[in-house]
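The terms are given with their cut-offs as they come up.

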Amino acid sequence: MDSLSGWLNLWLGGLGGRSWEMFKAGWHMGFTSFGGPPVHFTIFHEKFVHKLGWIDEQIYQELFAVSQALTGPASTKMLYCINLIHGGFVPAVLGFLVWSLPGALSMLGLCIGISNVGETLPRAVYALLTGLNASVVGLIALAATKLSQKAITDWVTRCLVFLGGAAGILYNALWYFPVLIISAGALTVVHDFRWLHGPLRVLMRLVKRGDRHGVDVRQEEGRVREEIEPRSSVDELTQLGATARTTITLLPNQASGSEDHEPRVVPSDRQLNMSWKVGLVIGGLFFVSFIVIIILRATLPDKPVLYSLFSNLYLAGTIIFGGGPVVIPLLRQYIVDEGWVTPRDFLIGLAVIQALPGPNFNFAVYLGGLTAVKLGYSPVTGGLLGYIGIFAPGMILCHGTMGLWGTLRSKRVVKSALRGFNAAAVGLVYTAVYRIWQVGYIDADFVNGASLENEPFWVVVAAASYVNGAWFGLSAPVCIILGAVLGLIRFAVVS
C-alpha cells in the first residue's frame with residue numbers, strides 16, 4: 001500500500017503549483033536552447049544547479065551519467081528526470097512536451113516545405129545550411145570542453161574522456177557505444193576499489209626480490225675483485241627495498257580512508273518517491289511491447305508502410321546509445337536506405353535540426369513526414385508516428401530506471417561506476433563534432449555531404465563560433481545566426 005500511495009502521489013502531486021513552477025521556469029527552453037545536446041547540458045547546469053537550485057552538482061553529474069548510459073535522447077531524458085525529481089510525473093511530462101514540441105512543429109513545417117520543392121535548391125540555400133553546420137560544430141566543441149572540465153576529477157577520468165572520444169571517432173556501431181560506457185564504469189570501479197592493487201603489490205615484491213638477488217651476486221663478484229666497501233652498499237639497498245615494501249603495504253590502508261567509506265547522503269527534498277518495484281514493472285512492460293513490435297515487424301508478410309516506418313523508428317529509439325552521434329547514421333540506414341527519403345532531403349533536414357532549438361531527435365518528425373508524403377499520406381500522420389516512435393522507448397525506460405535509481409544511488413559501487421560513465425559520455429560528445437564535420441559541407445555537387453575541411457572558409461566559421469562563445473560570451477542562437485550570415489556572404493562573394 002505504501003508503494004501504491006507513493007506512486008499515486010508521484011502522478012497526481014504535480015497537478016498544482018509544481019506544474020506552474022515548471023512552466024514558468026522552462027516554457028522558453030524549447031525556443032531558445034540551440035546547439036544540440038552538448039550545449040543543452042551546459043544550459044541545464046547553469047539553470048537548474050546555479051540559478052534555481054533544483055538539484056545540486058552531485059545529482060546533476062549522476063543524472064548526466066544515467067541519461068547517457070540509457071537509450072534515447074540524452075538531454076531530453078535529463079530534463080525529464082530533473083522535473084520528475086523536483087515536481088513529480090505531471091510536471092515532468094508537461095516539461096517534455098514544452099521542450100520538444102516547438103522543434104517538432106518546426107521540423108514538420110520544414111517537411112511540408114521540402115516536399116513541395118523541386119529536385120534542386122538555389123546554391124544560396126546550400127551555403128546557408130553549410131554555415132549553420134559549421135557554426136554548430138564550433139558550439140559543440142565548446143560545450144565538450146566545458147563538460148570535460150566537470151567530468152575530469154583525476155587521471156583516470158582524464159584518460160577515459162580522451163579514450164572515449166578517440167574510440168568513438170575510430171569506430172561506429174550500434175553495440176559499440178554502450179560497450180564503451182559500461183567498460184569505462186567498470187574501469188573506475190576496479191580503480192576506486194583497488195582490486196588490482198593486491199596483484200600489483202605481489203608483482204612489485206617479486207621485482208624487488210629479483211633486484212636484491214642481483215645486488216648479492218654483484219657483491220660476491222666485488223669480493224673477488226677485492227672491493228673494499230661492498231657491505232655498506234648491500235645493506236643500504238636492502239634497507240631501501242624494505243622501505244619500499246613497507247610503503248607499498250601501507251597504500252591500501254591509506255586509500256581506504258574515511259572519504260571512500262562515507263555513505264552517500266541524498267537530501268530528502270531531492271529523493272524520488274517511487275518504488276523500485278514500480279520501476280521494474282514499467283521496464284518489463286516496455287520490453288514486452290518492444291518484443292511484440294519487433295516480432296510483427298519480422299513476420300508480417302504484407303506490412304503497412306506506416307507500420308514499417310513506426311517500427312523502424314521505435315527500434316531506433318530503443319537501441320540508440322550515445323544520443324546524437326549515433327542517431328544520425330542509424331536514421332539514415334532505417335529511412336534513406338529504405339528509399340523513403342532522398343539523401344539530399346536527409347542532409348537538408350540534418351543541417352536544419354542542428355540549428356533548431358530543442359532535441360535533435362525531432363529529426364524523426366521530419367523524416368516521418370516526408371515518408372508519409374511520398375506514400376500518399378498526410379505529413380502530420382507520418383510526423384506523429386515519428387515523434388512517438390523515436391521518443392517513447394527512451395522516455396519510458398528513463399522513467400522506469402528512476403524508480404530503481406532511488407535504491408541504487410546510495411551504493412558506493414554505483415557512485416564509482418558513474419564517474420566512468422560520465423567521463424566516457426563526455427568523450428563521446430567529441431565524436432559529434434567529428435561526425436557533423438565529416439558531412440557538414442552541403443552543395444548540389446555533394447549529394448551525400450562532404451567534409452568542412454574541403455573549403456577553408458567553413459573551418460574559419462567553425463573556429464569563429466567557438467571563439468565567440470568562449471571568449472566573447474555570445475549565446476548559441478547568435479553564433480548560429482552569424483554562421484548562416486557568413487555562409488550567405490561567402491556565396492555572394494564567390495558567385
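Helices are DSSP runs of H or I with at least four residues, numbered from the N terminus, and the expected span of a helix is 1.5 Å times one less than its number of residues. This is a predicted model, in which local features need pLDDT of at least 70, side-chain atom pairs count only at pLDDT 80 or more, and totals for chains, interfaces and linings use all residues. Residues are numbered from 1 along each chain as its sequence is written, and side-chain values use heavy atoms, leaving out hydrogens and water.

**Helix H9**
- H9 (residues 155-170) has 16 residues and reaches 22 Å from its first C-alpha to its last, close to the 22 Å expected at 1.5 Å a residue.
- Buried residues (under 20% relative accessible area, 1.4 Å probe, protein chains only) in H9 are Val156, Thr157, Leu160, Val161, Gly164, Gly165, Ala167 and Gly168.
- Down the axis of H9 these buried residues fall within an arc of 165 degrees, so they line one face; the arc is taken from the directions from the helix axis to the C-beta atoms.
- Trp155, Arg158, Phe162 and Leu170, on the other side of H9, are exposed (over 50%).
- H8, helix H10 (176-192) and helix H20 (412-439) are what the buried residues of H9 pack against (contact: heavy atoms within 4.5 Å).

**Lining of the second largest pocket**
- H4 gives the largest share of this lining, eight residues.
- Helix H3 (29-32), helix H4 (37-51), helix H8 (123-151) and helix H22 (476-494) each supply at least two lining residues.
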